[in-house]
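Good morning, colleagues. Please look first at the sequence and the model on the screen, and then I shall take you through selected features in turn.

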Amino acid sequence: MADSIDRAIVEGRVYPSASDILPGGTAAAALPDWSLLRLSPGLLALTGWESAEALIQASGGALYDLFCPEDRPCILAALESLLASAGRIKAEYRLLRRSLPPLWVTLCAGLVDTEALGVHLECFLLDLSDLRRAEAELSERCQTLTEQARREAMTGLLNKDAFRLDVRTYLSAAGPEETYALLVTDLDDFKRFNDRYGHTFGDQVLLAFAAILSRSFGPGALCGRYGGDEFVVFLPGTAPRTAEEALHVLYRNLKCRRKGDPMFQCSVGAACGKGPAEYSRLFDRADAALYRAKRAGKNRSQMDRGGL
């Protein structure tokens with residue numbers, strides 16, 4: 001056992017004090033000027049300095065000098081409050097580092113009375129970079145999951161609830177002269193695709209149509225799948241003439257589809273509006289226009305210009 005202890009000391013596997021076992025770094029500061037009395041190897045590693053003497057000489061020698069100038073008033077106020085209440089500090093500050101950007105750390109500090117140093121301040125600093133990275137990754141993951149929840153699983157377009165929410169939000173905030181158009185469309189005789197060729201082929205038709213919608217109306221449009229073969233498109237900031245031009249692009253893309261896409265046709269009902277409006281009324285107008293297009297022979301569009 002004695003040989004093992006001696007070997008651990010020689011190999012540097014015995015720590016000078018219990019504080020050196022902790023992750024992060026520790027420091028001790030004198031009262032009342034907060035001058036540094038001790039810096040642990042862990043704290044030196046965080047700051048990028050090789051020795052306590054070099055760090056103290058470069059920083060100024062006080063505990064608060066280790067931190068960004070913008071954080072020092074808050075740290076000094078916390079230290080003064082600690083003296084008055086004999087409590088403790090636990091807060092996040094930016095630790096200065098040699099030739100590196102500042103590092104966010106949690107500073108935990110309290111008054112301690114020891115035989116060697118008397119009453120002084122003991123500090124523990126924990127590196128928050130791993131925590132911040134984990135928080136950023138979690139936030140990104142939450143955003144991804146939130147967006148996935150808004151999307152219809154097969155086509156990737158907005159689902160019914162997300163589409164209605166987005167359009168309602170837009171309509172409620174629309175300016176009095178702001179124009180827009182809502183399109184409701186479905187595939188003509190879609191049932192025959194499933195009956196004749198099977199549901200797998202029907203799914204291919206839906207995917208091809210979703211891609212054509214996204215390609216035809218551009219990134220500013222909101223495209224969604226309402227269910228079955230019914231799709232919706234909202235065109236913000238769009239006058240009736242512009243909506244008609246967009247419909248021409250849609251039908252041109254249907255005729256000039258990409259190689260390998262199945263053949264199909266669609267009917268479209270469009271409703272134009274201006275200023276704040278209720279979503280349900282706008283949708284009902286577009287839906288009625290869709291049925292007029294169906295009755296007129298399908299593979300065409302009808303528009304309710306709303307007096308514009």
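**The largest pocket**

The largest pocket has a volume of about 190 Å³. This is a predicted model, in which local features need pLDDT of at least 70 and side-chain atom pairs count only at pLDDT 80 or more, while totals for chains, interfaces and linings use all residues. Residues are numbered from 1 along each chain as its sequence is written, and side-chain values use heavy atoms, with hydrogens and water left out.

Let me state what is meant by a pocket. On a 1 Å grid over the protein atoms alone, a pocket is an open set of points where a 1.4 Å probe fits, with protein on both sides within 12 Å along at least five of seven lines; lining residues have an atom within 4 Å of a point. Grid points are joined across faces, edges and corners, and the volume is the space filled by probe spheres set on the points.

Which residues line the largest pocket? They are Arg 192, Tyr 251, Arg 252, Leu 254, Lys 255, Arg 257, Met 263, Phe 264, Gln 265 and Asn 299. By class, the lining holds four nonpolar, two polar and four charged residues. Here Ala, Val, Leu, Ile, Met, Phe, Trp, Tyr, Cys and Pro count as nonpolar, Asp, Glu, Lys and Arg as charged, and the others, Gly among them, as polar. Helix 9 gives the most to this lining, with four residues. Helices (H or I, at least four residues) and strands (E, at least two) are DSSP runs, numbered from the N terminus.

**Aromatic rings**

I turn now to the aromatic residues. A pair of rings is described by the distance of the centres and the angle of the planes. Rings of Phe, Tyr and Trp (its six-membered ring) pair if their centres lie within 6.5 Å; planes under 30 degrees apart count as stacked, over 60 as edge-to-face and the rest as tilted.

How many aromatic pairs does a search of the whole structure find? The search finds 12. In one of them, Tyr 197 and Phe 201 have ring centres 4.9 Å apart and planes at 50°, so the pair is tilted. Tyr 197 is partly exposed, at 46% relative accessible area, and Phe 201 is also partly exposed, at 23%. For these terms, buried means under 20% relative accessible area, exposed over 50%, and partly exposed in between (1.4 Å probe, protein chains only).

Phe 209 and Phe 264 make a further pair; their ring centres are 5.8 Å apart and their planes stand at 85°, so this pair is edge-to-face. It links distant parts of the chain: Phe 209 belongs to helix 8 (residues 199-217), whereas Phe 264 lies in the loop between helix 9 (240-255) and strand 9 (266-274), 55 residues apart. Both Phe 209 and Phe 264 are buried, and Phe 264 is also among the residues that line the largest pocket.

Elsewhere, ring pairs link Phe 163, Tyr 226, Tyr 279 and Phe 283 into a cluster.

Two arginines also sit over rings. Arg 98 lies over the face of Trp 49, 4.5 Å from the ring centre, and the charged end of Arg 132 is over the ring of Trp 104, 5.0 Å from its centre. The criterion is that NZ of Lys or CZ of Arg be within 6 Å of the ring centre and within 35 degrees of the ring normal.

**Cysteines**

The structure holds zero disulfides, a disulfide being a pair of cysteine sulfur atoms within 2.5 Å. Cys 266 is buried, with a relative accessible area of 0%. Cys 272 is likewise in no disulfide, and its nearest cysteine sulfur, that of Cys 223, is 16 Å away. Cys 272 is buried as well, at 1%. Cys 142, by contrast, lies in helix 5 (residues 129-150) and is partly exposed, at 40%.

**Backbone features**

Finally, the backbone. A cis peptide bond, with omega about 0°, joins Leu 31 and Pro 32. Pro 32 is in the loop between strand 1 (25-29) and strand 2 (36-39).

Ser 99 has a positive phi of about 60° although it is not a glycine. Ser 99 lies in the loop between strand 3 (88-97) and strand 4 (100-114) and is exposed, at 73%. Asp 189, also not a glycine, has a positive phi near 55°. Asp 189 is in the loop between strand 6 and helix 7 (190-197), and is partly exposed, at 40%.
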